[in-house]
Amino acid sequence: MKNAATAIGEPLVLSRRRLLAGGTSLLASAVVGRAQRQLDASELHYTSLVDVAASIRRREVSPVELTRAQLDRIDRLEPSRKAFAMVLPERALREARTAEEEIQAGNYRGPLHGIPIAVKDLMFTAGLPTQGGSGALADHVPSYDGTVVRRLAGAGAVLLGKLNTTEGAMTGYHRDFEVPRNPWGDDLFPGFSSSGSGVATAAGLCYGSLGTDTGGSIRYPCAANGLVGLKPTWGRVSRYGVLGLAPSLDHVGPMTRTVADAAAMLAVLAGSDENDPTSLPDNVSDYLGEIRGGLQGLRVGFDPEYVSNGVEAETVAAVEEATQALEQLGGRLVRVQMPAFDSRHQDAWVTICSVEAATEHARTFPSRAGQYGTYFRSFLERGSQSTGVEYARANVVRQELSGAIRRVFRDIDVLACPSVAYKGCRYDPVDAYGGTVFDRVETLSGVPTACLSVSSRFTMPFNFCGYPTLSLPCGFSREGWPLSLQLVGHPLSEALLCRAGHAYEESTGWHTRHPVVGAG
């Protein structure tokens with residue numbers, strides 16, 4: 001497999017007639033205001049979701065042929081990428097035919113209509129296994145769709161399949177499941193639990209995917225795979241029909257190749273759900289419609305010590321340059337001081353997460369303890385052994401840190417910082433299966449613990465307080481590995497985050513670089 005990056009260029013729309021003819025090059029007409037150029041048919045998979053949607057709406061691209069092209073690509077590349085827990089070709093083609101018939105009849109539902117997507121295998125799908133990467137859930141076949149799956153279907157999206165995850169959405173994998181392979185390099189870390197979502201989206205195996213984030217599992221794989229990841233405000237997206245890790249920390253969100261794509265997906269996913277009483281009743285913004293609002297006067301918080309202390313130099317430089325770009329686009333930099341995040345806070349996260357995980361798995365643990373992998377089993381054991389006093393103390397630590405973060409945000413609109421502390425790391429997938437969460441070793445599920453310890457201050461605090469975050473590419477290391485910027489906003493400020501991210505993305509073009517994977 002090749003690991004070099006390639007510049008794909010501007011998003012394009014394709015001629016349906018030329019696509020159906022199967023030619024090796026296609027005449028592409030750019031989105032409004034952009035020049036025409038030739039596009040090789042093999043680049044279709046990296047065209048953005050919103051631009052393919054525009055072509056579908058104009059009936060220049062067939063949802064059926066688009067889906068067939070994606071299934072063909074999955075058939076060629078999935079054996080090496082290992083992103084999918086299951087592929088659903090018959091269902092996908094059936095949904096694509098329905099979408100095509102509706103669109104031809106003039107019943108266009110919106111930007112996801114006829115678009116092939118995939119979801120992390122935590123999302124319930126009626127009549128299909130939802131195992132969450134666990135051997136203990138081999139017989140778990142829901143009778144209904146989770147809310148996010150139902151809303152995607154209601155928008156006319158085409159479900160290609162379900163994506164691999166770490167066991168229980170923690171960090172280690174169960175040996176019955178494959179470890180996804182990063183398309184930027186087979187020996188590179190693919191991210192934690194939403195790794196299948198990250199790999200599939202980055203490798204052009206779907207136009208967008210769903211992930212979950214309890215302590216960074218949208219942000220880690222988006223950083224590792226060079227993607228956009230939107231972790232919404234806690235409660236903005238329903239968790240009904242989603243296997244939980246820690247309900248008070250879990251967030252469900254889109255993982256895409258552009259900010260506009262994430263905005264289009266969030267508009268479908270967000271909103272109150274009577275089946276999830278923790279879902280927020282607030283009105284859903286027009287995330288995609290407001291995306292070009294600009295940054296004039298936006299107050300961008302920046303803490304130089306927070307960004308740089310213990311962080312790899314290339315990551316620091318890329319984030320500093322990105323912050324300067326936001327200022328040049330009309331933002332106003334505001335110096336802030338982020339609260340400390342240390343081992344006390346990390347321990348509080350582990351206690352809360354493990355106790356809530358043990359509660360979520362009470363039907364199968366400890367009764368099926370032997371069917372769990374060693375890593376997640378040790379985590380559930382820890383949660384089962386924790387006392388109510390320990391859980392209460394951990395929540396006090398959580399609330400104290402959340403209060404300190406609220407004070408930081410009094411004078412800013414967004415905070416700019418890294419998504420993770422490192423530029424990437426070499427990784428042996430075999431190591432992802434072994435050990436326990438409490439082994440005193442230099443790696444955790446194959447990842448250097450030193451990197452994770454520093455990175456946790458950029459991820460876990462915003463699960464504690466439930467603030468929305470947007471991760472997006474901000475450069476590449478000397479080795480050609482993706483680097484990632486994180487923007488953090490006030491609760492329910494996803495529209496503002498998308499505006500800021502889109503303006504930065506358009507001014508830099510980092511999102512137009514994609515991995516070259518196999519022959520595709």
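Which residues have the most contacts inside the largest nonpolar core? I started there, with a predicted model in which local features need pLDDT of at least 70, side-chain atom pairs count only at pLDDT 80 or more, and totals for chains, interfaces and linings use all residues. Residues are numbered from 1 along each chain as its sequence is written, and side-chain values use heavy atoms, with hydrogens and water left out.

**Core.** I found 112 residues in the largest nonpolar core, and Met123, Val148, Leu152, Leu415, Phe462 and Leu485 have the most contacts inside it. By nonpolar core I mean a set of buried Ala, Val, Leu, Ile, Met, Phe, Trp, Tyr and Cys residues joined through side-chain atoms within 4.5 Å. Buried is under 20% relative accessible area, exposed is over 50%, and partly exposed is in between (1.4 Å probe, protein chains only). Helix 8 (residues 259–269) gives the most to this core, eight residues. My helices (H or I, at least four residues) and strands (E, at least two) are DSSP runs, numbered from the N terminus.

I then looked up Leu152. Neighbours within four places in sequence aside, Leu152 is in contact (heavy atoms within 4.5 Å) with Leu112, Ile117, Val119, Ala157, Leu210, Met265, Val268 and Leu269. I also noted a second, separate core of 20 residues, with Leu71, Leu77, Ala118 and Ala203 among them.

**Helix 6.** How many residues of helix 6 are buried? I get eight of eight for residues 195–202; Ser195, Gly196 and Ser197 are among them.

**Helix 13.** I checked the length of helix 13 (residues 388–408): its 21 residues should span 30 Å at 1.5 Å a residue, and the end C-alpha atoms are 31 Å apart, which agrees. The expected span is 1.5 Å times one less than the number of residues. Its buried residues, including Asn395, Arg398 and Leu401, pack against helix 11 and helix 14 (449–464).

Most residues other than glycine have a negative phi, and most peptide bonds are trans. I therefore listed the exceptions.

- Arg59 has phi near 65°; I place Arg59 in the loop between helix 2 (49–57) and helix 3 (63–81), partly exposed at 45% relative accessibility.
- Leu492 has a positive phi of about 65°; Leu492 sits in the loop between strand 17 (482–489) and helix 15 (494–508) and is partly exposed at 31%.
- The peptide bond from Phe365 to Pro366 is cis, with omega near 15°, and Pro366 is in the loop between helix 11 (343–360) and helix 12 (374–385).
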